[in-house]
Amino acid sequence: MSSGAKRSMVRWMHIIFSIPIIGYIYSPFKDLPDYAPLVRFVFFPVLALSGLWMWKGHLVTRLFSKKTA
């Protein structure tokens, strides 16, 4: 898989997992307990990790690369 395809896949995953968080913010207060655990423990961590990967993923791959400088 090319680096462009990986980047596109992570970007779309980031966008899709942000939709429930938007619903969590703008939903009526009485509906929050229904899906609050999913947003807190699934969607937000995936969103945070994919955002960090898009931001600093090149450093992580360089750190774990088998090539030495």
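Valine 60 counts as partly exposed, because its relative accessibility is 33%. The model discussed here is a predicted one. Valine 60 belongs to helix H2, which covers residues 32-63. Together with Trp53, Leu63 and Phe64, Val60 makes a nonpolar surface patch of about 460 Å².

**Aromatic pairs between the helices**

How many aromatic pairs does the count come to? The count is two. One of them joins phenylalanine 17 and phenylalanine 43: the ring centres are 5.5 Å apart and the planes stand at 50°, so this pair is tilted. Phenylalanine 17 is in helix H1 (residues 3-26) and phenylalanine 43 is in helix H2, so the contact ties together parts of the chain that are 26 residues apart in sequence. Phenylalanine 17 has a relative accessibility of 22% and therefore counts as partly exposed.

The rings of tyrosine 24 and tyrosine 35 also pair, with centres 6.3 Å apart; their planes are at 75°, so the arrangement is edge-to-face. This pair, too, links distant parts of the chain, with tyrosine 24 in helix H1 and tyrosine 35 in helix H2, 11 residues apart. Tyrosine 24 is partly exposed because its relative accessibility is 22%. Tyrosine 35 falls into the partly exposed class as well, because its value is 25%.

Is serine 27 buried or exposed? Serine 27 counts as buried, because its relative accessibility of 18% is under the 20% limit for that class. This serine is located in the loop between H1 and H2. A polar atom of the serine 27 side chain lies 3.5 Å from the backbone oxygen of tyrosine 24. Tyrosine 24 thus takes part in this contact and in the edge-to-face ring pair with tyrosine 35.

**Further positions along helix H2**

Lysine 56 is a residue of helix H2. Which ring does lysine 56 lie over? Lysine 56 lies over the face of tryptophan 55, at 5.0 Å from the ring centre. With a relative accessible area of 33%, lysine 56 is partly exposed.

Leucine 47 is likewise placed in helix H2, and its relative accessibility of 14% means that it counts as buried. Leucine 38 is another residue of helix H2; at 46% relative accessibility, it counts as partly exposed.

| Residue pair | Separation in sequence | C-alpha to C-alpha distance |
|---|---|---|
| Leucine 47 and methionine 13 | 34 residues | 8.0 Å |
| Lysine 56 and arginine 7 | 49 residues | 12 Å |
| Leucine 38 and arginine 7 | 31 residues | 25 Å |

For the buried leucine 47, the C-alpha atom is separated by 8.0 Å from that of methionine 13, 34 residues apart along the chain.

Key
Residues are numbered from 1 along each chain as its sequence is written. This is a predicted model: local features need pLDDT of at least 70, side-chain atom pairs count only at pLDDT 80 or more; totals for chains, interfaces and linings use all residues. Side-chain values use heavy atoms; hydrogens and water are left out. Patches are made of residues with over 30% relative accessible area and no salt bridge: like charges are joined within 9 Å, nonpolar side chains (Val, Leu, Ile, Met, Phe, Trp, Tyr) within 5 Å. Accessible areas come from the Shrake-Rupley method with a 1.4 Å probe; for residues, only the protein chains shown count as cover. A salt bridge is a side-chain nitrogen of Lys or Arg within 4 Å of a carboxyl oxygen of Asp or Glu. Helices (H or I, at least four residues) and strands (E, at least two) are DSSP runs, numbered from the N terminus. Buried means under 20% relative accessible area, exposed over 50%, partly exposed in between (1.4 Å probe, protein chains only). Rings of Phe, Tyr and Trp (its six-membered ring) pair if their centres lie within 6.5 Å; planes under 30 degrees apart count as stacked, over 60 as edge-to-face and the rest as tilted. A charge sits over a ring if NZ of Lys or CZ of Arg is within 6 Å of the ring centre and within 35 degrees of the ring normal. A polar contact is a pair of N or O atoms within 3.5 Å; within protein, one must be able to donate a hydrogen and the other to accept it, and residues adjacent in sequence count only if both atoms are side-chain atoms.
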